[in-house]
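Trainee: Hi, could you walk me through this one while I have it open?
Mentor: Happy to, let me put it on the screen.

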Amino acid sequence: LSTQKAFLRVLQERHYRPVGAREEFESNFRLIAATNRDLAQMAIDGTFRKDLLFRLRGLTVELPPLRERPEDIRDLVRYHTHRLCESCGIAPKEFSMELLDTMSAYAWPGNVRELVHTVDAMLAVAGSDVTLYPKHLPPQLRVQVVCHQLQEPKVTVIPKRSGSDLPDFK
């Protein structure tokens with residue numbers, strides 16, 4: 001709470017004094033903050049300052065967790081794979097449909113941060129392989145996807161065929 005008080009002062013007065021300094025300095029910045037916590041509830045509980053909460057609420061963008069927007073997973077995988085390959089000096093990778101399907105079926109409790117770490121791990125495992133497959137995914141992720149698929153059985157209806165539809169095997 002004491003840090004929140006000092007931060008609120010900087011936001012409101014646009015001045016700050018470094019530890020041990022005798023004079024104040026002027027600040028001029030815009031703040032973008034992200035959290036996965038419920039700040040309103042924390043303010044009610046007394047663990048977050050209400051006045052700081054009101055100051056931070058200038059523009060709020062609610063972003064649902066990745067598990068609620070599986071249509072974004074493929075684009076995020078492609079983007080972060082390309083970015084990591086480029087930053088590591090690795091040749092660009094291709095993706096098997098099975099890989100993208102497996103990644104889309106995973107719940108991503110760690111959201112995008114977990115996805116990026118997974119892509120990084122996949123690239124390390126893949127080495128010089130040109131195409132990424134589910135075998136490059138961390139084992140615990142593959143296990144969770146399979147377990148989830150086993151819990152939701154898929155029913156396949158096979159149409160009945162009459163005897164006259166059978167081919168002649170003479």
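Trainee: Great. What kind of model is this, and how are residues numbered?
Mentor: The model is predicted, so to speak of a local feature we need pLDDT of at least 70, side-chain atom pairs count only at pLDDT 80 or more, and totals for chains, interfaces and linings use all residues. Residues are numbered from 1 along each chain as its sequence is written, and side-chain values use heavy atoms, with hydrogens and water left out.

Trainee: How many helices and strands are in the protein chain?
Mentor: The chain has seven helices and four strands. Both are DSSP runs numbered from the N terminus: helices are H or I with at least four residues, strands are E with at least two.

Trainee: And in what order do the elements run from the N terminus?
Mentor: The order is α-β-β-α-α-α-β-α-α-β-α.

Trainee: What share of the residues is buried?
Mentor: Of the 170 residues in the protein chain, 24% are buried. Buried means under 20% relative accessible area, exposed means over 50%, and partly exposed is in between, with a 1.4 Å probe and protein chains only.

Trainee: Now the pocket. How much space lies in the largest one?
Mentor: The largest pocket holds about 1,600 Å³ of space. The search runs on a 1 Å grid over the protein atoms alone: a cavity is a set of points where a 1.4 Å probe fits but cannot get out, while a pocket is an open set with protein on both sides within 12 Å along at least five of seven lines. Grid points are joined across faces, edges and corners, and the volume is the space filled by probe spheres set on the points.

Trainee: Which residues lie nearest its centre?
Mentor: Ala33, Ala34, Thr35, Thr60 and Val61 do, out of 34 lining residues; a lining residue has an atom within 4 Å of a point. Helix H1 (2–13), helix H2 (39–45), helix H3 (50–56) and helix H6 (111–126) are the elements that give two or more residues to that lining.

Trainee: How does the lining divide into nonpolar, polar and charged?
Mentor: There are 19 nonpolar, six polar and nine charged residues. Here Ala, Val, Leu, Ile, Met, Phe, Trp, Tyr, Cys and Pro count as nonpolar, Asp, Glu, Lys and Arg as charged, and the others, Gly among them, as polar.

Trainee: Switching topic: how many salt bridges are found in the whole structure?
Mentor: Six. A salt bridge is a side-chain nitrogen of Lys or Arg within 4 Å of a carboxyl oxygen of Asp or Glu.

Trainee: Why would such side chains pair at all?
Mentor: Side chains of opposite charge can pair when their charged atoms come close.

Trainee: Which residues are linked in a network of salt bridges?
Mentor: Arg9, Glu13, Arg17 and Glu24 are. The Arg17 and Glu24 pair has its closest N and O atoms 3.5 Å apart. Arg17 is partly exposed at 47% relative accessible area, and Glu24 is partly exposed at 31%. Glu24 lies in the loop between strand E1 (15–16) and E2.

Trainee: Is Arg69 buried or exposed?
Mentor: Arg69 is buried, because its relative accessible area is 11%. Asp72 counts as partly exposed at 26%.

Trainee: Which residues other than glycine have a positive phi?
Mentor: Arg14, with phi near 60 degrees, is one of them, and Asn111, near 55 degrees, is another. Most residues other than glycine have a negative phi. Arg14 sits in the loop between H1 and E1, whereas Asn111 is in helix H6.

Trainee: And Met122, where does that lie?
Mentor: Met122 is also in helix H6, and Met122 is buried, with a relative accessible area of 0%.
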